[in-house]
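User: I'd like to learn how to read a fold from its coordinates, one feature at a time. Can you walk me through this one?

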Amino acid sequence: MKVCIIHGSPRKGNTYKATSIFMETLRNHGTVEFTEFFLPRDLPHFCLGCTNCFEYGEERCPHVSYVQPIVESMRDADGIVLTSPVYVLAASGGMKAFLDHLGYLFMAHRPMEEMFSKVGMILSTAAGGGTGLTNKNMSRCMRFWGIPKIYKCGLTIFAGSWETMPINKQKRYEKALNKKAKQFLNSIERRGKHRTPLFTRAMFSVMRRMIGSYSDDSADKVYWQKKGWLEGENLPFV
Ligand SMILES: Cc1cc2nc3c(=O)[nH]c(=O)nc-3n(C[C@H](O)[C@H](O)[C@H](O)COP(=O)(O)O)c2cc1C
């Protein structure tokens with residue numbers, strides 16, 4: 001089983017601690033190969049808004065040498081984990097910059113067929129509040145990439161660090177993370193058998209009609225045509 005983890009912070013702080021507990025449970029219950037990326041180290045640029053990815057293809061992104069190794073690792077993985085500390089009630093700048101670079105993978109453009117059978121996990125930590133908004137920020141992108149099964153976990157620390165939280169709270173959070181890890185693992189074992197959410201079906205169908213009306217030389221239409229999706233063939237879900 002392969003799991004690709006994209007850490008929204010370079011710090012080995014609360015979010016990393018929570019992610020480590022999650023990873024440890026996965027290790028204890030299966031043979032897991034992790035690939036980890038740390039933001040912003042592994043993608044140290046903002047999206048420039050050139051729209052090259054949308055108009056011509058992702059290989060024309062000025063940051064292709066950073067973006068594509070992460071995307072290829074995501075393609076190769078059974079499960080994808082996105083993590084972030086809460087920064088002003090949203091995901092970190094590093095995580096947002098990463099998600100911006102992957103806009104072309106939205107169903108409105110050129111979704112990756114492998115995404116439609118993957119399992120996602122979203123994890124955030126906050127001092128006080130905002131994990132709900134932050135998790136939504138990240139899980140919405142996974143949804144628009146086509147991922148059918150997404151787990152979420154938001155932890156409010158209310159302390160200087162993980163270690164200074166009351167011990168019973170640490171244990172409660174460890175238990176919650178263990179539970180999520182087991183659910184994530186079970187879902188990966190059932191990979192490809194998940195029911196495609198109604199949202200995905202509806203969105204894909206609307207996009208199919210919209211992209212079908214584009215000019216024949218548009219990158220999105222060429223892609224959908226090549227996949228056979230415009231004719232309703234080889235759909236990435238059943
Ligand atoms: C720039 C910045 C903004 C933050 N904004 C929030 C916030 O909106 N809500 C909150 O509860 N905590 C906020 N925090 C606190 C962090 O989310 C919290 O301490 C988190 O657990 C840090 O994770 P880390 O140790 O992995 O870096 C913020 C911290 C920073 C540095």
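Analyst: Let's begin with a strand pair: strand S1 (residues 2-7) and S2 run parallel and are joined by six bridges. Within that pair, Ile-5 stands opposite Glu-36 of S2. Before going on, note that this is a predicted model, where local features need pLDDT of at least 70, side-chain atom pairs count only at pLDDT 80 or more, and totals for chains, interfaces and linings use all residues. Residues are numbered from 1 along each chain as its sequence is written.

User: What makes two strands a pair, and what is a strand here anyway?

Analyst: Strands of a sheet pair through backbone hydrogen bonds, parallel or antiparallel. The cut-off for a pair is at least two DSSP bridges between the strands. Strands (E, at least two residues) and helices (H or I, at least four) are DSSP runs, numbered from the N terminus.

User: What is the order of the strands in the open sheet?

Analyst: It reads S2-S1-S3-S4-S5, five strands with parallel pairing. S2 and S5 are the edge strands, each pairing on one side only. On average, neighbouring strands are turned by 15 degrees against each other, direction ignored. For such angles, axes are lines fitted to C-alpha atoms (for helices, over the stretch in contact), and angles run from 0 to 180 degrees between N-to-C directions.

User: Which strands does H5 touch as it packs on the sheet?

Analyst: H5 touches S3, S4 and S5, and its direction makes about 160 degrees with that of S5. Helix H6 (residues 167-189) also packs on the sheet, touching S3, S4 and S5, at about 170 degrees to S5. Contact here means that the C-beta atoms of two residues, placed from the backbone, lie within 7 Å.

User: How do I read the handedness of a crossover?

Analyst: Point the strands away from you and follow the path from the first strand over the helix to the second: if it runs clockwise, the crossover is right-handed. In this model S3, H4 and S4 form a right-handed β-α-β unit. From S4 the chain then crosses through helix H5 (residues 131-145) to S5, and that β-α-β crossover is right-handed.

User: How many bridges does S4 make with S3, and how many with S5?

Analyst: S3 and S4 pair in the parallel sense over seven bridges, with Ser-84 partnered by Ser-124 of S4. Eight bridges join S4 to strand S5 (residues 149-156), again parallel, and there Val-119 has Lys-149 as its partner.

User: Is S4 mostly covered or open, and how would I check its two faces?

Analyst: In a regular strand the side chains alternate between the two faces of the sheet. Next, count C-beta atoms, placed from the backbone: a residue is buried if 20 or more others lie within 10 Å of its own, exposed if 12 or fewer, and partly exposed in between. For S4, eight of its eight residues are buried. One side holds Val-119, Met-121, Leu-123 and Thr-125, the other Gly-120, Ile-122, Ser-124 and Ala-126.

User: Why does Val-86 count as buried, and where is it?

Analyst: Val-86 is buried because 27 other C-beta atoms lie within 10 Å. The residue sits in the loop between strand S3 (79-85) and helix H4 (93-101). Leaving out residues up to four places away in sequence, Val-86 touches Ser-124, Thr-125, Ala-126, Gly-130, Thr-131 and Thr-134. Val-86 and Asn-135 are 49 residues apart in sequence, yet 9.0 Å apart in space, C-alpha to C-alpha.

User: Is Val-88 buried or exposed?

Analyst: Val-88 is exposed, because it has 10 other C-beta atoms within 10 Å. Val-88 also lies in the loop between S3 and H4, and its phi is near 35 degrees, a positive value in a residue other than glycine.

User: What surrounds the ligand?

Analyst: The test for being near it is a C-beta atom, placed from the backbone, within 6 Å. That gives 18 residues, with Gly-13, Asn-14, Thr-15, Pro-85 and Ala-126 the closest. Helix H1 (14-29) and strand S4 (119-126) each supply at least two residues of the shell, and H1 has the largest share, three residues.
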